[in-house]
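Hi,

Here is the structure I promised to pass on. Have a look at it first, and then read my notes below.

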Amino acid sequence: MSPASGAIVMGTGIVSVALLLDGRVTLSRLLLVCTAAAWVVLGGLLGRRWFRDRARVLVEAGSPVALTGVAGTAVLGTRLALLGWTWAAVALLAATVALWVVLLAAVLAHWPPPTAGSAFMLTVATESVALLGVAVAVGERADWLLALSLVPFALGLASYPVVLVRFDLRQLAVGPGDHWVSGGALAICALAAADVTTGAHALAMLPHALLRDVSVGLWSLAMLWLPPLVVAEALHPRRGYNVRRWSTVFPVGMYAACSFAVGHAAGAPAITDFARAWVWVAVAVLVVVSAAMVAR
């Protein structure tokens, strides 16, 4: 899967997850089919590019945008785990970890000044590994895997401030779409924390009360990004299609998914009510970007 195009899988996949958490099973499964199809097609295109232009693929692998392939694979695996297809989720977990290790090394070796939103993919990709690990751990009742998933969760969380201190806030006005990942990265941290909380409670392990408070704190921090992101879109509309607009779909969908998870883990109906409304914003953004892509 090529850089940037992995965001298509991320976007459709997380909206599918959010719709499932809202009980919209049919629509969620329809998007799951789209996600799986996109993952297969983009993976095939990457394979063809590898044989035709290997040097360019290796160069692109050093960009933070390449980490969308990790997150896209993990989101698909997480949705399949929720479907009950644990065997597929296990296979995708292995693929996700392998991609993460290889691409993370390449990205860090060529780390650019992280002034754009795509740099936050360092956090997103790492947290996505934790997210899928927790999903598989709960499905298999593997407490060791749940505990192990805390490692990428902590690493992803630690990477966020490293990128944030060098993020150019002017990207909110001029970014092509990936500026939304600034908030989406915190949202996936909140989702991972909430899922760990729920999993720890189900498997009767770890201090899940503390993890619950962490998830609420991370959700609150993620929500601080939402007003400026929305206002920036209103004041500085980006017209025309750009593939990085899929990096807007993912954070918008992630805000819905993490709010469902945090609301459930914390027993906070107000957070869940926000999720039930925001999930349709995510669907609308997905439809608009999809239509723009087709028209292009």
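This is a predicted model: local features need pLDDT of at least 70, side-chain atom pairs count only at pLDDT 80 or more; totals for chains, interfaces and linings use all residues.

A word on helices before anything else: helices (H or I, at least four residues) and strands (E, at least two) are DSSP runs, numbered from the N terminus. With that in hand, you can find Val262 in helix H12. I'll also be saying buried (under 20% relative accessible area), exposed (over 50%) and partly exposed (in between), worked out with a 1.4 Å probe and protein chains only. Val262 is buried, because its relative accessible area is 0%.

Residues are numbered from 1 along each chain as its sequence is written, and side-chain values use heavy atoms, with hydrogens and water left out.

Helix pairs

Two packed helices are described by the angle between their axes and the distance between the axes. Here the axes are lines fitted to C-alpha atoms, for helices over the stretch in contact, and angles run from 0 to 180 degrees between N-to-C directions. Angles under 35 degrees count as roughly parallel, over 145 as roughly antiparallel, 65 to 115 as roughly perpendicular and the rest as oblique.

Start with helix H4 (residues 68-83) and helix H5 (residues 86-109): they pack at about 165°, and their axes are 9 Å apart. H4 and H5 are therefore roughly antiparallel. Their crossing is left-handed, a word used when the near helix is turned anticlockwise from the far one by less than a right angle (right-handed if clockwise). While you are looking at H4, find Gly69 there. Gly69 has 7% relative accessibility, so it counts as buried. Between the C-alpha atoms of Gly69 and Thr96 there are 8.4 Å, and along the chain 27 residues.

The other pair is H6 and helix H10 (residues 181-202), whose axes come within 9 Å and cross at roughly 20°. That makes H6 and H10 roughly parallel, and this crossing is left-handed too.

Gly117 sits in the loop between H5 and helix H6 (121-140). It counts as buried because its relative accessibility is 0%. Pro176 is 59 residues from Gly117 in sequence, yet their C-alpha atoms are 9.2 Å apart.

Then there is Arg141, in the loop between H6 and H7. This residue has a positive phi of about 55° although it isn't a glycine. With 55% relative accessible area, Arg141 is exposed.

Salt bridges

Side chains of opposite charge can pair when their charged atoms come close. I'm counting a salt bridge when a side-chain nitrogen of Lys or Arg is within 4 Å of a carboxyl oxygen of Asp or Glu. How many salt bridges does a search of the whole structure find? It finds seven. Here are some to look at:

- Asp22 and Arg276 meet at 2.7 Å, N to O. Asp22 is in the loop between helix H1 (6-21) and helix H2 (25-52), and Arg276 is in helix H13 (residues 269-295), so the pair ties together parts 254 residues apart in sequence. Asp22 is buried at 9% relative accessibility, whereas Arg276 is partly exposed at 41%. Asp22, Arg24 and Arg276 are linked in a network of salt bridges.
- Arg245 and Glu233 have their closest N and O atoms 2.8 Å apart. Arg245 is in the loop between helix H11 (208-235) and helix H12 (246-266), Glu233 is in helix H11, and twelve residues separate them. Both Arg245 and Glu233 are buried.
- Asp168 and Arg170 meet at 3.1 Å, N to O. Asp168 is partly exposed, with 21% relative accessible area, and Arg170 is exposed, with 61%.

A surface patch

Finally, look at the surface around Trp144, Leu148, Val151 and Leu155: they form a nonpolar patch with about 430 Å² of accessible area together. Patches are made of residues with over 30% relative accessible area and no salt bridge, joining like charges within 9 Å and nonpolar side chains (Val, Leu, Ile, Met, Phe, Trp, Tyr) within 5 Å. The accessible areas come from the Shrake-Rupley method with a 1.4 Å probe, and for residues only the protein chains shown count as cover. Helix H7 (143-148) and helix H8 (150-164) each supply at least two of the patch residues. Leu148, in helix H7, is partly exposed at 48% relative accessibility.

Cheers
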